[in-house]
Amino acid sequence: MATIIERYERKFPGSRRAYESAAGLIPGGGHQSRVVKPFPIFARDGSGGTKRDVDGNEIIDYMMGFGALMLGHAHPDVTRAVADRLAEGTHLGTTSELEIEWARLVQDLIPSAERVRFTASGTESTLLAIRLARGFTGRKKLVKFREHFHGWHDYVSMDSGINTQVGIPEETMSTVIVIEPDLDALGGLLERDDDVAAVIMEPTGGHWGQFPLANPGFLEGVRELTAKRGVVMIMDEVICGFRMSRGGAQGRFGIMPDLTTMAKIVAGGLPGGAVAGRADILEQLGDAGTSRLAHPGTFNANLVSATAGIATLRKIASEPLNDRADAMASRLKSGLRDALNRMEVPGQVHGLASVVHVALGVDAEDEEISTVPHDELAQATAGSRAARIKLAMLNEGVDMMGGIGFMTSAVHTEDEIDRTSEAFERALAALREEGDL
Ligand SMILES: Cc1ncc(COP(=O)(O)O)c(C=O)c1O
């Protein structure tokens, strides 16, 4: 029987050729989180819950634009609105009514959003939020939790899954304190150090809940400790926003941060992001004459992203999209569970809302919020096995997130979900064949 790699090479020859043609042109052959070994697939188009690669293979997609696509690929409502906008001009060099409508939708959906400011990405959103917090408090330090990911700028790259800090000055890193997600550790730190401007966190835990927090208690604890010390609580809802509920994680758990960072779904699958939160903190941005803090940016609140964001958020506000995406995730979780049982492979299936994680090899009952220790969860995705299951799933026509994760959308069908569970069972069999399980 052919090995996983042999089947992969046979199924995706066009992708291999494309990858080879990137050599000497694009460092590493492409985006670091998209390139896998021996070569990544090159996709060409997508529709709903599926996409097609350059060889014409149809692939059920759970990357969903790294979480940006609550409406799947090329949703007609978004596509039409964006196409109309393109014909009317992409950048008129002025502010626009679209920005106001977009901000209003964010304000209506995200409970703590007294003010809203648009950026061009999630990385820019966390950078701006940190600057706002430092400006507001007059303090210097940032606290982040181990394994929480907030983009790739200098202040957030430590202990976030980015495995190198080359190019980041020591002086910059000395202003960031990384701690375990532990309330006693945070409490002790804030008591000892009065130079902390902000605590930033992924509200469901590191890597979009791969390492879950004991919620809502943990969020409540961070809220209390930060409020007591005048430290700005930044909830990074780049993935959770409009996904954990239409009001994000804060809507789901009822905890109001001082600042919220967003991207992905907020811009309807186009580049864009936002920082929202307390008026007194955001008003530092002021107008050209009164601002304390600078925040320019050619493509912030650009008309095309605004249009896609508005089309998406309007639907999220008025239709049960989250319920539908969540129902697809529930169906997927039980299908994956059945596959693990049938193959007699230990593993835990966990995740909230439209997020699904599989911790292979972990012997524990399934939970929405996993209580398995984080080092055991880390072990489940360490080494070559998680990389090989990604390839084995692609051989079966399914693309999942690294770390054995899935994000469902409101447009995945039951048939796609059921085919995914069957694919997972065959992928497990392929891994077993190679002695990986
Ligand atoms: C929680 C979180 N914050 C920030 C970011 C960075 O966003 P972007 O990739 O748009 O810069 C990401 C990206 O995956 C994220 O998951």
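# Ligand shell, sheets and domain contact

By class, six nonpolar, six polar and two charged residues make up the shell around the ligand; here Ala, Val, Leu, Ile, Met, Phe, Trp, Tyr, Cys and Pro count as nonpolar, Asp, Glu, Lys and Arg as charged, and the others, Gly among them, as polar. This is a predicted model, in which local features need pLDDT of at least 70 and side-chain atom pairs count only at pLDDT 80 or more, while totals for chains, interfaces and linings use all residues. Residues are numbered from 1 along each chain as its sequence is written.

**Ligand surroundings**

- Around the ligand stand 14 residues, of which S121, G122, T123, G151 and V238 come nearest; a residue is near a molecule or strand if its C-beta atom, placed from the backbone, lies within 6 Å of it.
- Helix α6 (residues 122–137) supplies the largest share of this shell, three residues; helices (H or I, at least four residues) and strands (E, at least two) are DSSP runs, numbered from the N terminus.

**Seven-stranded sheet**

- An open sheet with mixed pairing is formed by seven strands in the order β4-β11-β10-β9-β7-β5-β6; two strands pair if DSSP finds at least two bridges between them.
- β4 (115–119) and β6 (176–179) are at the edges with a single partner strand each, so one side of each has no neighbour in the sheet.
- On average, neighbouring strands of this sheet are turned by 20 degrees against each other, direction ignored; axes are lines fitted to C-alpha atoms, for helices over the stretch in contact, and angles run from 0 to 180 degrees between N-to-C directions.
- Five bridges join β4 to strand β11 (residues 273–277) in the antiparallel sense, and R115 has G277 in β11 as its bridge partner.
- α8 packs on the sheet, where it touches β5 (141–145), β6 and β7 (196–201), and its direction makes about 150 degrees with that of β6; two residues are in contact if their C-beta atoms, placed from the backbone, lie within 7 Å.

**Helix pair α8 and α10**

- The axes of helix α8 (residues 183–192) and helix α10 (residues 217–229) cross at roughly 5 degrees and come within 10 Å.
- α8 and α10 are therefore roughly parallel to each other; angles under 35 degrees count as roughly parallel, over 145 as roughly antiparallel, 65 to 115 as roughly perpendicular and the rest as oblique.
- From α8, the residues L183, L186, G187 and L190 meet F218, G221, V222, L225 and R229 of α10.
- By class, this contact of α8 with α10 has six nonpolar, two polar and one charged residues.

**Domains and their contact**

- The protein is divided into domain 1 (4–73 + 320–433) and domain 2 (76–318); the bounds come from an automatic or database domain assignment.
- Between the C-alpha centres of domain 1 and domain 2 lie 27 Å.
- Domain 1 gives 22 residues to the contact and domain 2 gives 21 residues.
- On the side of domain 1 that touches domain 2, the elements giving two or more residues are α3 (64–67), α14 (321–343), β13 (355–360) and α15 (374–381).
- α3 gives the most to that side, with three residues.
- By class, the side of domain 1 that touches domain 2 has eleven nonpolar, eleven polar and no charged residues.

**Three-stranded sheet**

- A further open sheet has three strands in the order β12-β13-β15, with antiparallel pairing.
- β13 and β15 pair over three bridges in the antiparallel sense, and V356 stands opposite F406 in β15.
- α14 lies across β12, β13 and β15 and runs at about 15 degrees to β13.
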